[in-house]
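Visitor: I'd like a close look at the inside of this one, please. Take me through what is packed in there, one piece at a time.

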Amino acid sequence: MLLLGIETSCDDTAAAVVEDGRVVHSNVLASQDDFHREYGGVVPEIASRRHAEVIGAVVEQALEKAHRTFDDLDGVAVTCGPGLAGSLVVGVAAAQAIAFARDLPAYAVNHLHGHLFANYLENADMPEQSPPSGPSVCLIVSGGHTDLIHVESPSQHRIIGRTRDDAAGEAFDKVARLLGLGFPGGPLLDQLARGGDPKAFDFPRSLLSEGSNDFSFSGLKTAVRYHLDAHPDDAQRRSADVAASFQAAVVDVLCAKTLRAARDLAVDTVALAGGVSANSALRAQLRSRGEAQGLRVLVPPLAYCTDNAAMIAAAAFYRGSAARVPVSALQADPNFAW
């Protein structure tokens, strides 16, 4: 089954051709970072206009790189939400036009489902990255989401924990801004932290009430700000130590809650997903701590951590009829429910 995936939920325009939910024939992405960097974050109006300008070329390039044509496709999958309304509309309109013109089945995909199924995309270096045979726990962590998901089956998912305030990726970006690192802040902070001491500063670990699967990072972000207010030279002189200590606090909580949920639910597989799954410390610690507990740990290839269209096609394939909709029913939904 050959699916064209389209993703325009935020500021990256992406299209991919994926076979049977695993074999990636092409994965094309047009980044808008250069357009948003001077504003320190994504400007929705700029994002939607750029999507409209390049979506056609991105789809054409995805087909060309896959050595396929529209005649070879078995369906079109598109992110319908959650995301920025103006951005989503562009991708949905493109998918709807293609599906109508070529008489192809259409699949409405939740962006977070896409991140979850990024773990199943084929990677020559990780042949063990195949779908779990039974239920699993997935940690989806990004700039807008920090969610723990009980994956009961490819079409049945249940949220068992989520952030009560800032998402982990949002906290990374805000602390990166406090350190003057620029945009996007998460990858820059990760790089800086590699040269720092993660035990230099004892920043708080918020575990909330006993047994809670929810997350909270606003207090940690505030603690870093108060520290830098009291020791302004640390933003320069010891910035690597601040970054490493902050990152360690985030990673400790994310790993502890994910692994505890796996024990409580008696699953043998945990998965990592979302843009922050590219963080080197999180990838390493979840794998080492999970495997030490006898768990199988799925970590997506770096190419599929951040927003991409291959994961959207994979989600459509694995969810099947749960994602398939009449072409006329495709619509952008910024608050697309899980």
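Guide: Let's start with the sulfur of Cys255: the closest cysteine sulfur belongs to Cys138 and is 13 Å away, so the two are too far apart for a bond. The limit for a disulfide is a pair of cysteine sulfur atoms within 2.5 Å. Cys305 isn't in a disulfide either; its nearest cysteine sulfur is again that of Cys138, 11 Å away. Search the whole structure and you get 0 disulfides. In general, a disulfide is a covalent bond between the sulfur atoms of two cysteines.

Before we go further, keep in mind that this is a predicted model: local features need pLDDT of at least 70 and side-chain atom pairs count only at pLDDT 80 or more, while totals for chains, interfaces and linings use all residues. Residues are numbered from 1 along each chain as its sequence is written, and side-chain values use heavy atoms, with hydrogens and water left out.

Back to those cysteines. Cys255 has 0% relative accessibility, so it counts as buried (under 20% relative accessible area; over 50% is exposed and in between is partly exposed, using a 1.4 Å probe and protein chains only). Cys305 is buried too, at 0%.

Now for Cys138, which sits on strand S6. Strands here are DSSP runs of E, at least two residues long, and helices are runs of H or I, at least four, all numbered from the N terminus. S6 is largely enclosed by the rest of the structure, because 6 of its 6 residues are buried. Ser136, Cys138 and Ile140 are buried on one side, and Val137, Leu139 and Val141 are buried on the other.

What does S6 pair with? Strand S7 (residues 146–153) runs antiparallel to S6, and 6 bridges join them (strands pair if DSSP finds at least two bridges between them). A hairpin of 4 residues connects S6 to S7, and Ser136 stands opposite Val151 in S7. S6 also pairs with S9, this time in the parallel sense, over 4 bridges. There, Leu139 stands opposite Leu272.

Next, the packing. A nonpolar core is a set of buried Ala, Val, Leu, Ile, Met, Phe, Trp, Tyr and Cys residues joined through side-chain atoms within 4.5 Å. The largest one has 45 residues, and Phe203, Phe246 and Leu254 touch the most other members. Among the elements giving it two or more residues are strand S6 (136–141), helix H5 (168–178), helix H8 (239–265) and strand S9 (269–273). H8 gives the most, with 13 residues. In soluble globular proteins, nonpolar side chains tend to be buried together.

Leaving out residues up to four places away in sequence, Phe203 touches Leu220, Ala223, Val224, His227, Val242, Ser245, Phe246 and Ala249, where touching means heavy atoms within 4.5 Å. There's also a second, separate core of 31 residues, including Leu3, Ala14, Val18 and Val109.

Finally, the aromatic rings. Rings of Phe, Tyr and Trp (its six-membered ring) pair if their centres lie within 6.5 Å; planes under 30 degrees apart are stacked, over 60 edge-to-face, and the rest tilted. That gives 7 aromatic pairs. One of them, Phe117 with Tyr318, is stacked, at 5.6 Å centre to centre and 5° between the planes. Phe117 lies in helix H4 (residues 111–117) and Tyr318 in helix H10 (residues 310–319), so the pair ties together parts that are 201 residues apart in sequence. Both Phe117 and Tyr318 are buried.

Phe172 and Phe246 make another pair: their centres are 5.2 Å apart and their planes at 75°, so this one is edge-to-face. Since Phe172 is in helix H5 and Phe246 in helix H8, the pair links parts 74 residues apart in sequence. Phe172 is buried at 3% relative accessible area, and Phe246 at 0%.
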